[in-house]
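Subject: Structure handover

Hello,

Here is the structure I promised you. Please open it and keep it beside this email as you read.

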Amino acid sequence: MREESIRFVWWRHLLVAVGYAAVYALLRSVSVSNWNLPASLRLAALLLVPMRYWPALVLGEAMPVAYQAWLSHGMFGWAWASFAAFPPIALCAPFMAWFRRRTSVVQADGRIDVPAVLIAALACAVLTAAGNIAALASVHLPSGQAAPAITARIVFGYFLGNYLGALTLTPLALVVRGWLVETRPATAWMALRRSGLLRDGAMSLVLPLIALTAIGYASENADAMQVCRIAMFVPVAWLTLRHGWRGAAIGGAAASCAVALTSTIVRDPSVIQAQAIIAFAISTLLMLGTRLAHTVSGEVSAQRERVDREYGLLLAQQGLYQEELRMKHAAEALEQVRQSMRDMQNRLLDRLRDRIPANEERAYSRQAALAQHEMHRLTNALYPRVWREQGEPSTVQLRDGPVAMAAAAIGATYECELVGQDLDHLASDVHMTLYRLAGESLVYALSCQPTRHVDLVIRGGHSQGMRWVVMRMDCHRASATDGGVRLAQEQHKKAMSLLGTSGQGIETIRERAQIYGGDAHVRENPLGLRITILLHDALRVSRAAP
């Protein structure tokens with residue numbers, strides 16, 4: 001079993017070496033010194049292929065390189081053949097191994113570190129150009145012929161060829177790799193069509209590049225051809241603005257190929273100048289595209305967070321609404337129990353009226369009436385009776401509903417003012433929340449001070465397509481001669497009993513207001529305490545506002 005596993009591993013390494021050699025030979029057949037496409041294959045392999053396969057990559061590159069050196073050793077000498085047979089990937093591999101241990105080109109979230117790719121392309125171009133210069137310096141021509149001189153233009157041509165070659169296909173390979181990872185094979189084509197990249201690439205990149213190439217050839221003028229070559233980066237810039245660094249990668253590959261196709265002679269100086277500009281433009285646009293991608297990603301993340309927040313608030317609002325419905329059903333059930341107890345007590349008193357003294361009958365009647373009153377109070381605290389009878393909550397009931405009765409029960413005067421025509425259009429759970437918050441605010445104010453007057457103002461309106469309501473409660477402080485702390489404690493206890501509130505303080509009020517996109521504020525003034533609460537309409541109906 002172990003021997004079969006080892007044999008399978010060796011076959012995989014052999015397949016990697018053969019496949020790399022075949023692609024390398026294909027790319028080399030269409031390359032020149034100032035546009036070296038195998039540099040893209042080399043860099044992409046060193047960035048993406050696991051390190052355990054690097055010996056197979058070195059072997060795969062050594063085969064076509066050594067074969068080409070053998071074919072030309074009689075023309076340039078054995079020293080040149082020795083240098084030329086050395087695979088450039090062996091020069092780049094040590095640096096790339098160090099680079100990959102310290103830098104992650106593919107981030108954990110799938111994003112590509114484009115600056116790291118550019119640094120790797122630059123370093124590999126320098127190393128490969130150094131190997132090319134060393135091979136050129138070892139050329140030994142037949143007697144009577146001078147060895148080629150190593151000039152700055154030749155050195156720059158080697159460097160530019162390797163750097164531009166790496167930028168031609170490596171970013172494109174990273175785009176394809178990311179697309180394959182993010183997309184399921186069954187929906188890959190549909191996802192590509194929906195992205196718009198295919199359409200924009202065909203209409204706004206390929207057609208302009210073909211047009212510029214045709215114009216350059218038709219002009220039969222070197223200056224016009226050079227202008228067309230340099231102008232080829234304009235469609236790339238537009239595609240970058242549309243699709244970020246992925247657009248720059250695809251557009252850069254197409255523009256690089258288009259510029260190379262305009263070359264009529266080997267090492268054409270005008271082509272090298274245009275390629276230098278294109279290489280700089282691709283590098284800059286890749287960096288710019290990364291920044292744009294981060295900006296778009298940030299906007300998408302912010303939008304996703306906003307949607308998640310709204311969804312969370314919607315769930316919380318629905319939870320409160322369902323809780324109010326359960327309290328309504330509980331109040332209705334308790335009301336039925338109260339009526340059943342009243343009927344039973346009346347029948348029982350009718351039967352015992354002839355058997356018990358009159359004073360005991362009156363005592364039993366008072367106890368039964370007290371029990372009925374307490375059950376009615378509890379039912380009303382769970383869900384106001386007037387709302388059960390009307391079917392829907394209404395803010396109008398705050399004028400003379402349970403809050404007004406609670407204020408009267410604690411000996412405070414009460415006024416309520418409703419302002420605005422949008423109050424009736426608010427969702428029913430917002431009305432119920434207003435009632436709950438009004439009760440909680442009154443109880444909170446009584447926990448802080450004795451109160452002699454309660455002034456409640458509720459104002460409704462809408463802005464930016466969303467309805468809102470503001471509740472302001474002013475609780476005027478009672479004088480110290482009215483009872484002080486003892487009065488406040490009695491009022492607080494009685495209000496909690498009548499309104500059925502939790503009395504957990506301003507933080508609970510604020511958290512409940514935030515569920516409806518609002519907030520709560522408390523401010524002390526010379527007259528007493530002011531509590532202001534803002535609520536927005538329920539999310540499920542908020543977009544219905546005019």
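First, the ground rules. This is a predicted model, where local features need pLDDT of at least 70 and side-chain atom pairs count only at pLDDT 80 or more, while totals for chains, interfaces and linings use all residues. Residues are numbered from 1 along each chain as its sequence is written, and side-chain values use heavy atoms, leaving out hydrogens and water.

**The sheet**

Helices (H or I, at least four residues) and strands (E, at least two) are DSSP runs, numbered from the N terminus. Two strands pair if DSSP finds at least two bridges between them. Strands of a sheet pair through backbone hydrogen bonds, either parallel or antiparallel.

Look for an open sheet of 5 strands. Its order is β1-β2-β3-β5-β4, and the pairing is mixed. β1 (413-419) and β4 (519-525) are the edge strands, each pairing on one side only. From one strand to the next, the twist averages 10°. Axes here are lines fitted to C-alpha atoms, for helices over the stretch in contact, and angles run from 0 to 180 degrees between N-to-C directions.

Now take β5 (residues 528-536). It pairs with β3 (residues 466-477) in the antiparallel sense, over 9 bridges. There, Trp468 stands opposite His536 of β5. β4 and β5 also run antiparallel, joined by 7 bridges. Asn525 has Gly528 in β5 as its bridge partner. A hairpin takes the chain from β4 to β5 through 2 residues.

**Helices across the sheet**

Contact means heavy atoms within 4.5 Å. Helix α16 (residues 428-448) lies across β2 (451-463), β3, β4 and β5, at about 160° to β5. Helix α18 (residues 506-515) lies across β4 and β5, at about 140° to β4.

How far does α16 reach from its first C-alpha to its last? The 21 residues of α16 reach 31 Å, close to the 30 Å expected at 1.5 Å a residue. The expected span is 1.5 Å times one less than the number of residues.

Buried means under 20% relative accessible area, exposed over 50%, and partly exposed in between (1.4 Å probe, protein chains only). In α16, 19 of the 21 residues are buried, so the helix is largely enclosed by the rest of the structure.

**Aromatic pairs**

Rings of Phe, Tyr and Trp (its six-membered ring) pair if their centres lie within 6.5 Å; planes under 30 degrees apart count as stacked, over 60 as edge-to-face and the rest as tilted. The count is 5 aromatic pairs.

Phe95 and Phe99 are stacked, because their ring centres are 5.7 Å apart and their planes are at 25°. Both lie in helix α5 (residues 88-102), 4 residues apart, about one turn of the helix. Phe95 is partly exposed at 22% relative accessibility, whereas Phe99 is buried at 5%.

Phe159 and Tyr163 are also stacked, at 5.9 Å centre to centre with 5° between the planes. They sit in helix α7 (residues 152-182), 4 residues apart, about one turn of the helix. Phe159 is partly exposed at 22% relative accessibility; Tyr163 is buried at 11%.

Ring pairs also link Phe95, Trp98 and Phe99 into a cluster.

Best wishes
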